[in-house]
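Thanks for coming, everyone. I'll talk you through it.

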Amino acid sequence: MRAVELARTHRVTLSQTVTGTPHGDVRYHLTTRDGALVVAAGPASDPDVEFVQDWDTAVAVATGALGAQEAFISGRIRFSGDHQRLIDAAPLFAALDAAFDAVNARTRFA
């Protein structure tokens with residue numbers, strides 16, 4: 001199923017903070033509500049889930065050098081919030097992988 005279709009059935013707001021980037025700490029968020037899916041800069045006002053990771057971890061995950069699950073299990077990605085909401089939205093995040101893979105392929109991590 002495509003992310004647009006999944007956004008109709010999942011309501012979740014995820015906030016991500018990457019610390020220690022070359023530009024300081026960076027925050028962005030993803031929200032799905034009523035069929036709309038938005039990714040934007042800055043923190044979410046009321047996130048369901050929050051992730052925090054350092055720059056080296058973010059680059060390793062984005063480039064495929066480190067799996068996100070491994071980073072989470074090892075404590076390199078810290079999580080807070082509604083675990084069940086995150087689990088329920090797993091199909092949505094899986095559908096978004098292709099879009100984020102395309103962005104990562106064009107991103108220069110320096």
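I'll go from the whole fold down to single residues.

First, the ground rules. This is a predicted model, in which local features need pLDDT of at least 70, side-chain atom pairs count only at pLDDT 80 or more, and totals for chains, interfaces and linings use all residues. Residues are numbered from 1 along each chain as its sequence is written, and side-chain values use heavy atoms, with hydrogens and water left out.

Now the fold. How many helices and strands does the protein have? Five helices and five strands. Helices here are DSSP runs of H or I with at least four residues, strands are runs of E with at least two, and both are numbered from the N terminus. Starting at the N terminus, the order reads α-β-β-β-β-α-α-β-α-α.

Next, dimensions. Along the principal axes, the C-alpha atoms fill a box of roughly 35 × 25 × 25 Å.

On to contacts, meaning heavy atoms within 4.5 Å. Take the contacts between residues at least 6 apart in sequence: 59% of them join residues at least 24 apart.

Surface next. The protein exposes about 6800 Å², with 54% of that supplied by carbon and sulfur atoms. Areas come from the Shrake-Rupley method with a 1.4 Å probe, and for residues only the protein chains shown count as cover. Of the 110 residues, 31% are buried. Buried means under 20% relative accessible area, exposed means over 50%, and partly exposed is in between.

Charges, briefly. There are 10 positive and 13 negative side chains. Lys and Arg count as positive, Asp and Glu as negative, and His and the chain ends are not counted. The centres of the two sets lie 5 Å apart. Each charge is placed at NZ of Lys, CZ of Arg, CG of Asp or CD of Glu.

Now the aromatics. Rings of Phe, Tyr and Trp (its six-membered ring) pair if their centres lie within 6.5 Å; planes under 30 degrees apart are stacked, over 60 edge-to-face, and the rest tilted. That gives two aromatic pairs. Take Phe51 and Phe79: their ring centres are 5.4 Å apart and their planes sit at 55 degrees, so this pair is tilted. Phe51 is in strand β4 (residues 49–54) and Phe79 in strand β5 (residues 77–81), so the pair ties together parts 28 residues apart in sequence. Are these two buried or exposed? Phe51 is buried at 13% relative accessibility. Phe79 is buried too, at 17%. Phe79 also pairs with Phe72, this time edge-to-face, with 6.2 Å between centres and 85 degrees between planes. Phe72 is partly exposed, at 39%. Together, Phe51, Phe72 and Phe79 form one aromatic cluster.

Stay in strand β4 for a moment, where we find Gln53. Gln53 is buried, with a relative accessible area of 7%. Which residues does Gln53 touch, leaving aside neighbours within four places in sequence? Gln16, Thr17, Val18, Thr19, Ala58, Arg76 and Ile77.

Thr57 is in helix α2 (residues 55–63). Its relative accessible area is 0%, so Thr57 is buried. With neighbours within four places set aside again, Thr57 contacts Leu66, Ala71, Arg76 and Ile77.

Now two loop residues. Asp34 lies between β2 (24–33) and β3 (36–41). Asp34 is exposed, at 70%. Look at its backbone: Asp34 is not a glycine, yet its phi is positive, about 50 degrees. Most residues other than glycine have a negative phi.

Pro22 lies in the loop between β1 (12–21) and β2. Pro22 counts as partly exposed at 49%. Pro22 and Trp55 are 33 residues apart in sequence, and their C-alpha atoms are 8.3 Å apart in space.

Last stop, Ala94. You'll find Ala94 in helix α5 (residues 90–106). Ala94 is partly exposed, at 47%. Ala94 and Tyr28 are 66 residues apart along the chain, with 19 Å between their C-alpha atoms.

That's my tour. Over to you.

Definitions and conventions
Buried means under 20% relative accessible area, exposed over 50%, partly exposed in between (1.4 Å probe, protein chains only).
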